[in-house]
Structures are given as structure tokens and as C-alpha cells.
Amino acid sequence: MAAASRPLAARLTRLDLMEGSSVPAPASDRKNAGHGSGTWATVTKDVPMRSETSRCYDIVIKPMASAASSLHSTLKLLSDPLRLRLCALLARGELAVQELVAITGLQQSRISNHLSLLKRSGLVRDRREGTWSFHSLVEPSDDGPLSSTLYAAAVQPSVESPEGVRDQLALQAVLDQRRQKSRDMHDRLAERWSAVGQEFALGTLRAEVLAHAWPHGPTVADLGCGTGFLASWLAQRGAHVIAVDHSERMLGQAKRSSHSAPIVFRQGELDALPLANGEVDAAFSNLVWHHLPDYEAAANEVRRVLRPGGAVVISDLLPHEAEWMREQMGDLRLGLRPDQVVGALARAGFSELHSEPIMDRYRVASPTGGTAEFPMFVVRGRKPATDR
Ligand SMILES: C[S@@+](CC[C@H](N)C(=O)[O-])C[C@H]1O[C@@H](n2cnc3c(N)ncnc32)[C@H](O)[C@@H]1O
């Protein structure tokens with residue numbers, strides 16, 4: 001039978017049909033249906049046949065109408081200057097409502113209302129962590145709620161507008177405050193760190209982390225070295241270690257406990273490392289990334305300071321619910337998901353990325369008495385050899 005003379009349903013057997021569609025499909029095609037996004041459904045033989053016009057409406061017009069209506073509601077949402085302003089800020093990274101209040105000077109209830117609308121439309125997502133909630137703009141993508149074209153036409157100009165530039169400066173001040181808070185906390189912890197922060201259930205962490213960092217060349221950076229227990233261990237085995245930390249007191253303790261191992265100490269931030277381009281063969285950070293306001297920036301910096309082909313090793317706590325770790329240990333995040341670290345490193349251009357749990361567990365005295373143990377993970381990757 002010529003294609004045009006076959007019944008419409010037979011001509012459509014390879015198409016996934018919109019939910020509620022009434023076109024029957026042959027049994028052999030049921031297994032092919034349902035491969036699209038969640039709004040597309042399996043077509044069954046039991047649904048009554050309707051006229052060709054209404055079927056064309058279902059197949060051609062309805063999806064177009066629904067895309068147009070979702071574009072219309074996104075445009076409507078973004079036509080509000082405050083919502084656009086929030087999107088521009090959240091494009092920069094995850095922020096808590098309190099931080100948005102500090103940046104914009106607006107009332108919390110107003111910001112929360114706009115955030116709920118943005119979340120409902122899928123433009124903003126939130127991540128709960130203990131009693132905090134972090135918000136961020138979704139990645140622009142052509143099959144998501146915020147297309148790259150819409151981002152470039154609406155959000156980007158808002159970032160670059162005079163008000164956007166003022167907001168970005170205020171945001172920078174908030175990020176600087178977070179950093180300062182972390183530095184002060186670590187200065188306060190420095191004298192006790194060797195006692196409170198370096199206890200592990202099995203004691204295998206050193207071997208597990210360093211086995212991945214050490215074999216790539218003589219120069220290794222310990223980024224966020226604390227009192228330097230990993231740096232000293234490596235230096236005593238012949239590595240040339242550059243140990244970086246933003247806390248002056250942690251560095252002071254690290255120097256004292258290095259027992260004249262040949263370690264170079266440098267004070268600096270992980271998102272602006274005091275290291276030259278390509279200066280090291282490998283870099284690792286243990287229990288540091290959960291303190292970072294902007295780990296995307298840290299990932300870019302590690303790539304800059306590694307030589308082509310160099311290795312990165314990041315170990316940290318898996319997500320947990322111990323809210324008291326913020327107060328007691330100055331933690332910004334309650335652990336991290338390995339895929340957050342892998343994602344940031346991948347976006348910074350790293351390859352050969354792997355993550356795995358560490359057998360060891362981090363132990364710390366809990367405020368309710370006893371000892372809390374936290375499971376950990378390690379992520380490792382390489383800067384491509386061709387990346388200069
Ligand atoms: C939890 S301690 C871990 C210390 C060490 N890596 C260890 O395994 O014992 C976190 C360390 O990271 C440092 N740190 C946190 N945020 C930092 C940043 N943005 N730049 C540089 N150092 C940072 C702190 O000062 C602190 O010494």
C-alpha cells in the first residue's frame with residue numbers, strides 16, 4: 001500500500017505520541033513508545049480513534065502550543081526586573097536567601113516569593129543542606145527551561161547592566177566575607193587542628209590519597225594544607241612539596257611541625273593560587289573543598305598551576321547532616337557529592353576523572369559526646385597532556 005493511502009495511525013508507528021493522544025499503535029510498536037521526555041507516553045490499542053484533524057492537532061499543534069506557552073511563561077517571569085536580577089546573581093553560583101538579602105538589600109519575604117516562582121518554572125533549583133537552602137540558576141541549555149538564546153538575550157545583559165555590576169560587587173563582598181569567616185575559623189582552630197582534625201578511623205587516608213598524587217613527578221602542591229600532616233609525610237619521602245593555605249596560623253603550625261622537611265609554604269586562596277602556571281606535577285586537597293564558596297574557580301586554578309598531563313586528587317567528606325560541623329569546624333557545606341567535584345573538574349577541562357569511596361573515615365568529637373565518623377571519597381583526574 002502506498003504510504004499516503006495507509007491509515008494515519010500506521011504511518012505514525014515510529015513516533016512517540018503526546019500523553020492523552022488517541023492514535024492506536026500496532027502491538028509491535030508498544031515497546032518503542034515512551035522513549036521521549038516524561039510528557040510522552042506509550043500508545044495503546046485500547047484508546048478510541050479520533051478524526052485526522054484532531055490527531056494532527058495532538059501531534060503537530062499541541063507540542064508547538066505547549067512549547068510556545070512555556071516560552072511565554074518564562075518570558076513573563078523574566079520580564080520582572082527583580083526576578084531577572086536574582087537570575088543574574090544565581091548564574092554566578094549557589095546562594096542562600098540570606099545572602100541574596102545582604103546583596104540586594106531587599107526583604108527576605110519578597111525574595112522568597114520570587115524564588116518560589118522561579119523554582120516552579122524550573123529556571124532556578126535549590127539544594128537543601130541541613131537547615132540551609134542554596135539556590136542556583138539552571139545551566140542554559142537548548143532542551144531545558146532556559147535556552148542559551150534566552151540566557152544571552154535576557155540574563156547576560158542584566159549581569160552587565162549598571163545594577164548588575166553593582167550586584168556582582170556586592171556578591172563579591174559576600175563571597176569575601178565567607179572566605180574571611182573561614183580564614184578566621186581556621187586561625188582559631190590551628191592550634192588544636194592536629195588533635196581535632198587529623199583523626200581517622202583506620203589511618204589509611206594518607207596512603208589512599210597520596211598513592212594517586214605522588215607518582216606523577218617531583219613537585220606536588222598540598223592545597224589547603226592545614227597543619228601539613230600530608231605535606232610533611234610526602235616531603236619526608238623525597239617529594240618537593242609546595243604547601244598552600246589561607247590561614248596564617250595553620251601555616252605557622254605546619255612550619256613548626258614539618259621537622260625541617262623541605263617544604264615551601266605559601267599563603268593564599270584556592271581560587272587565586274600563589275603558584276605559577278604549570279608549576280607543579282600534581283596537586284591535592286584533603287578536606288578543603290567543602291569550605292570553598294566557589295569550587296568552580298578552584299578547579300580552574302588547579303588546572304592553571306598543573307603542568308600538562310599533571311594529576312589532581314581531591315578528597316572530602318560525603319554529604320552528611322551534622323549541622324554542628326558548621327559552627328564547630330567552620331564548614332560551609334555539609335560534605336559534597338563526588339559528582340559535584342567531578343563536574344567542576346570536568347568543566348575546568350580535566351579528563352580521566354574517577355571517584356571512589358575511601359575506606360577510612362574522618363573522626364571528630366561530637367558536641368553531644370562521643371565521636372562522630374564521616375565517610376569520605378576521593379576524586380582523581382588529569383590535565384590533558386595537550387592542554388598548555
Ligand atoms: C579542614 S582543614 C584540612 C587541612 C589539611 N588538608 C588536612 O587534611 O589536615 C581545611 C584547611 O583548608 C584551608 N582553607 C579553607 N578554605 C581555603 C581557601 N579558600 N583557600 C586556602 N585555604 C583554605 C583552611 O585554612 C584549613 O587549613
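Predicted model: local features only at pLDDT ≥ 70, side-chain atom pairs only at ≥ 80, totals over all residues.
Me: Which strands form the open sheet with antiparallel pairing, and in what order?
Reply: There are 3 strands, in the order E3-E5-E4.

Me: Why are E3 and E4 said to stand at the edges?
Reply: Strand E3 (95-96) and strand E4 (124-129) each have a single partner strand, so one side of each is left without a neighbour in the sheet.

Me: How do you know that E3 and E5 pair?
Reply: Pairing needs at least two bridges between the strands. E3 and strand E5 (residues 132-137) have 2 bridges, in the antiparallel sense. Hence they pair. Leu95 has His135 in E5 as its bridge partner.

Me: Which helices pack on this sheet?
Reply: Helix H3 (residues 81-90) touches E3, E4 and E5, and its direction makes about 95° with that of E5. Helix H5 (residues 108-120) touches E4 and E5, with its direction at about 110° to that of E4.

Me: How many bridges join E4 to E5?
Reply: These antiparallel strands are joined by 6 bridges. Val124 has Leu137 in E5 as its bridge partner. E4 and E5 form a hairpin, with 2 residues between them. In the turn, Gly130 has a positive phi of about 60°.

Me: Why are H3 and H5 called roughly perpendicular?
Reply: They pack at an angle of about 75°. Roughly perpendicular covers 65 to 115 degrees. The angle falls in that range, so H3 and H5 are roughly perpendicular to each other. Their axes are 10 Å apart.

Me: Which residues of H3 and H5 meet?
Reply: In H3 they are Leu82, Arg83, Leu86 and Cys87. In H5 they are Ile111, His114, Leu115, Leu117 and Leu118. The residues of this contact divide into 7 nonpolar, 1 polar and 1 charged.

Me: What makes H3 and H6 roughly perpendicular?
Reply: H3 and helix H6 (residues 148-160) pack at an angle of about 80°, with their axes 9 Å apart. The range for roughly perpendicular is 65 to 115 degrees. H3 and H6 are therefore roughly perpendicular to each other.

Me: Which residues make the contact of H3 with H6?
Reply: H3 gives Leu84, Arg85, Cys87 and Ala88, and H6 gives Ala154, Val155, Ser158 and Val159. The residues of the contact of H3 with H6 divide into 6 nonpolar, 1 polar and 1 charged.

Me: Why is Asn113 called partly exposed?
Reply: Buried needs 20 or more neighbours within 10 Å, while exposed needs 12 or fewer. Asn113 has 13 C-beta neighbours inside 10 Å, so it counts as partly exposed. Asn113 is found in helix H5. Asn113 and Arg83 are 30 residues apart in sequence and 9.9 Å apart in space, C-alpha to C-alpha.

Me: Which strands form the open sheet with mixed pairing?
Reply: There are 8 strands, in the order E6-E12-E13-E11-E10-E7-E8-E9. Strand E6 (199-200) and strand E9 (263-267) are the edge strands, and each pairs on one side only.

Me: How do you know that E8 and E9 pair?
Reply: Strand E8 (residues 240-245) is joined to E9 by 5 bridges. At least two are needed for pairing. E8 and E9 run parallel. Ile242 has Val264 in E9 as its bridge partner.

Me: Where does helix H13 lie?
Reply: Helix H13 (residues 338-347) lies across strand E11 (306-317), strand E12 (351-365) and strand E13 (371-382). H13 runs at about 25° to E13.

Me: What does the secondary structure of the chain come to?
Reply: The chain has 13 helices and 13 strands. Of its 388 residues, 33% count as buried.

Technical notes. Residues numbered from 1 in each chain as written. Helix = DSSP H or I, 4+ residues; strand = E, 2+ residues; numbered from the N terminus. Contact = placed C-beta atoms within 7 Å. Axes fitted to C-alpha atoms, helices over the stretch in contact; angles between N-to-C directions. Parallel < 35°, antiparallel > 145°, perpendicular 65-115°, else oblique. Nonpolar A, V, L, I, M, F, W, Y, C, P; charged D, E, K, R; others polar.
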